[in-house]
Amino acid sequence: MERIVIHECLIHVQSESSCNDGNYTKLQSFISYTFHINSLSGYKHTKLCYSGQKCYRIPEALVKMYGPKVQSLDLSYNELVSLRGMEGFPLLRELVLDNNQLTDSLVLPYLPHLHTLSLNKNCINDIELLITKIIHNLPTLTYLSLLGNKACPNQLSDIDKDEEDYQRYRYYVLHRLPALQFLDSTKVKDSERLEAKLRGQYMKIIRPKHVNLNIAGDAVLQTLTPLPRSVRKPEDHRGAYERCKYRYSGKNSEGNRFISNNDL
């Protein structure tokens, strides 16, 4: 039998969105803290939900009050641009960060027990950089979801992408993170795992470097035109001609072997 204790409260945090005059305004934020206890095994699982609060950073009060004992943390539907303070949750097993403003610059702290990471609908573009951070800081990760990011090439993030683009992405991610059991919303198949092991390293997506063609005036013409850059004058000719001294008779032509006298 499992006993569930739910603790809901309001705390005061500093809102960065209201510091136009240099002073922070204390606003009330809603927190849901759930404590699961299995009466038979004695297993305890604690979950903290702090979603939809429009915060840019993790409140310090949240870390101090619940950090050392929380195993599941939901920070979805905020406006997070940084994960500073996440190192204060050393026991985390599940982390939900959907619908925030996290970019490629995010810093993942070392969380040795984390097995579930959800980063849906953020601003992550570089899949290789993110995977490198996961390898170094999340050694036990088995569930990863990146839907809605440019790093995950499906129609949810880019209408120009198709199923083949997404499948190549899966092969590459599974090649780099072979311990994953779930990727995005789909369980990893044995056939995918085998294909990722054989060819995943070749599925890396290489994007061309951005070239700025927003150049005005004559510079555009000079950059793109195939014509010579200088204009020649009539007397500035570079050619010569004279009467040809050699007359072609066709005597040694290979084609003449198939022509008879009657054809002439």
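**Rings, strands and loops**

Visitor: How many aromatic pairs does the count come to?
Guide: The count comes to 2 aromatic pairs, where rings of Phe, Tyr and Trp (its six-membered ring) pair if their centres lie within 6.5 Å, and planes under 30 degrees apart count as stacked, over 60 as edge-to-face and the rest as tilted. One of them joins Tyr 143 and Phe 182, a tilted pair with 5.8 Å from centre to centre and 40 degrees between the planes.

Visitor: Before we go on, where do these values come from?
Guide: This is a predicted model, in which local features need pLDDT of at least 70 and side-chain atom pairs count only at pLDDT 80 or more, while totals for chains, interfaces and linings use all residues. Residues are numbered from 1 along each chain as its sequence is written, and side-chain values use heavy atoms, with hydrogens and water left out.

Visitor: Are Tyr 166 and Tyr 169 buried or exposed?
Guide: Both Tyr 166 and Tyr 169 are buried.

Visitor: Let me zoom out: how many helices and strands does the protein have?
Guide: The protein has 5 helices and 9 strands, and along the sequence they follow the pattern β-β-β-α-β-β-β-α-β-α-β-β-α-α. Of its 264 residues, 34% count as buried.

Visitor: How many bridges join strand β3 to strand β4?
Guide: Strand β3 (residues 44-49) and strand β4 (residues 72-74) run parallel and are joined by 3 bridges; two strands pair if DSSP finds at least two bridges between them. Between these strands the chain passes through helix α1 (residues 60-66), and this β-α-β crossover is right-handed: with the strands pointing away from the viewer, the path from the first strand over the helix to the second runs clockwise. As an example of a bridge, Lys 47 has Ser 72 in β4 as its partner.

Visitor: What is Asn 120 in contact with, beyond its neighbours within four places in sequence?
Guide: Contact means heavy atoms within 4.5 Å, and beyond those neighbours Asn 120 is in contact with Leu 97, Asp 98, Asn 99, Ser 145, Leu 146, Leu 147 and Asn 149. Asn 120 lies in the loop between β6 and α2 (127-137), yet it counts as buried at 15% relative accessibility.

Visitor: What does the side chain of Asn 120 reach?
Guide: The side chain of Asn 120 reaches the backbone nitrogen of Leu 146 at 3.5 Å and the backbone nitrogen of Leu 147 at 2.9 Å.

Visitor: New topic: which value does phi of Lys 121 have?
Guide: Phi of Lys 121 is near 55 degrees, a positive value in a residue other than glycine. Most residues other than glycine have a negative phi. Lys 121 is in the loop between β6 and α2 and is partly exposed, with a relative accessible area of 44%. Tyr 77 also has a positive phi near 55 degrees; Tyr 77 sits in the loop between β4 and β5 (94-96) and is exposed at 55% relative accessibility.

Visitor: Last one: how many disulfides does a search of the whole structure find?
Guide: The search finds 0 disulfides, a disulfide being a pair of cysteine sulfur atoms within 2.5 Å. Cys 49 is partly exposed at 23% relative accessible area, and Cys 123 is partly exposed at 33%.

Methods
Buried < 20%, exposed > 50% of the residue type's maximum accessible area, 1.4 Å probe, protein only. Helix = DSSP H or I, 4+ residues; strand = E, 2+ residues; numbered from the N terminus. Polar contact = N/O pair within 3.5 Å; in protein donor to acceptor, adjacent residues only side chain to side chain.
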